[in-house]
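Let's take a walk through this model, one piece at a time. Have the sequence and the 3D view open as you read.

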Protein chains: 2
Amino acid sequence: MSRKHLGIDITTLSALAEPNRMNIVELLRDGPLTVGEIAERLGLRQPQASKHLKVLSDSGIVEVHAVANRRIYKLRPEPFQALDSWIKSFQKTMQERFDNLDDYLRELQNEEKP
Amino acid sequence: MSRKHLGIDITTLSALAEPNRMNIVELLRDGPLTVGEIAERLGLRQPQASKHLKVLSDSGIVEVHAVANRRIYKLRPEPFQALDSWIKSFQKTMQERFDNLDDYLRELQNEEKP
DNA sequence: AAAAAATATTCCTTTACAAGAATATTCCTG
DNA sequence: CAGGAATATTCTTGTAAAGGAATATTTTTT
């Protein structure tokens with residue numbers, strides 16, 4: 001009865017549920033980048049880039065490495081693994097209970113005639 | 001160079017990135033339910049439940065079946081499949097490029113001495 | 001046909017969040 | 001050590017979204 005995955009961390013989802021941040025994440029797929037590069041490639045102003053990166057960092061999606069003047073941001077695999085296993089367990093359950101609509105309809109019928 | 005998954009639909013994520021809606025989704029894991037049951041089990045007022053269900057419905061996470069007086073909501077597998085394949089392709093890329101931090105540092109070094 | 005049940009919708013208020021602009025901070029270089 | 005580069009932070013403002021309360025809509029029941 002291992003009730004694992006009692007829900008995924010919602011901050012991961014809300015961090016990804018913003019276009020610019022999703023673009024940043026997609027961009028970092030190809031490797032680490034500095035704030036300046038991220039801002040430039042995505043047509044963002046530097047402050048907005050920093051802010052979005054902070055959100056991503058706070059949610060653990062991204063991590064920073066300070067190198068002199070610059071901050072290099074790169075993806076962290078953990079949140080994606082967590083998301084993956086959540087979805088997996090999800091799909092598993094959905095498959096088992098494939099389409100209980102009919103079952104549920106019968107349940108409703110029975111309620112009405114006690 | 002199949003650039004599939006140029007990004008997942010962000011509305012899926014933002015729909016899930018709200019506690020009550022996530023609770024609804026987790027609840028529907030165990031099978032279809034009416035609005036009233038959903039509201040009751042989650043301690044929501046009926047209008048709020050309906051509103052959240054509308055958001056979930058608009059984003060394709062959920063579908064409705066009208067049965068007489070009631071509306072039965074159930075999960076749709078598609079968004080989860082999409083999410084799954086997005087993450088999969090993501091993890092694949094991340095594995096390949098495992099940890100190019102060092103590579104990138106060298107790139108930065110070379111830029112500075114042209 | 002009237003009343004009741006189940007659900008959706010509207011209006012209002014509050015809150016969260018993203019963009020913009022300006023400024024602060026840190027580190028390198030001359 | 002002064003100036004500039006890279007990044008973070010603060011403040012303000014506009015806007016979207018969530019909750020509450022009331023109401024509309026549809027279908028059932030009697």
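In what order do the three strands of the open sheet in chain A lie? Keep in mind that what you're looking at is a predicted model. The order is β1-β3-β2, and the pairing is antiparallel. That leaves β1 (33–34) and β2 (62–67) of chain A as the edge strands, each of them pairing on one side only. Zoom in on β2(A) and β3(A): these two run antiparallel and are joined by six bridges. For a landmark there, find Val64(A), which sits opposite Tyr73(A) of β3(A).

Now for the inside. Nonpolar side chains in soluble globular proteins tend to be buried together. Here the largest nonpolar core counts 45 residues, and those touching the most other members are Leu28, Val62 and Ile87 of chain A along with Leu28, Val62 and Ile87 of chain B. The top contributor to this core is helix α5 (residues 77–96) of chain A, which gives six residues. Pick out Leu28(B) and look past its sequence neighbours up to four places away: it touches Leu33(B), Val62(B), Tyr73(B), Lys74(B) and Leu75(B).

α4(A) gives the most, with six residues.

Notes: Residues are numbered from 1 along each chain as its sequence is written. Chains are lettered from A and ligands numbered from 1 in the order in which they are written. This is a predicted model: local features need pLDDT of at least 70, side-chain atom pairs count only at pLDDT 80 or more; totals for chains, interfaces and linings use all residues. A nonpolar core is a set of buried Ala, Val, Leu, Ile, Met, Phe, Trp, Tyr and Cys residues joined through C-beta atoms within 7 Å. A residue is buried if 20 or more other C-beta atoms lie within 10 Å of its own, exposed if 12 or fewer, and partly exposed in between; C-beta atoms are placed from the backbone. Helices (H or I, at least four residues) and strands (E, at least two) are DSSP runs, numbered from the N terminus. Two residues are in contact if their C-beta atoms, placed from the backbone, lie within 7 Å. Two strands pair if DSSP finds at least two bridges between them.
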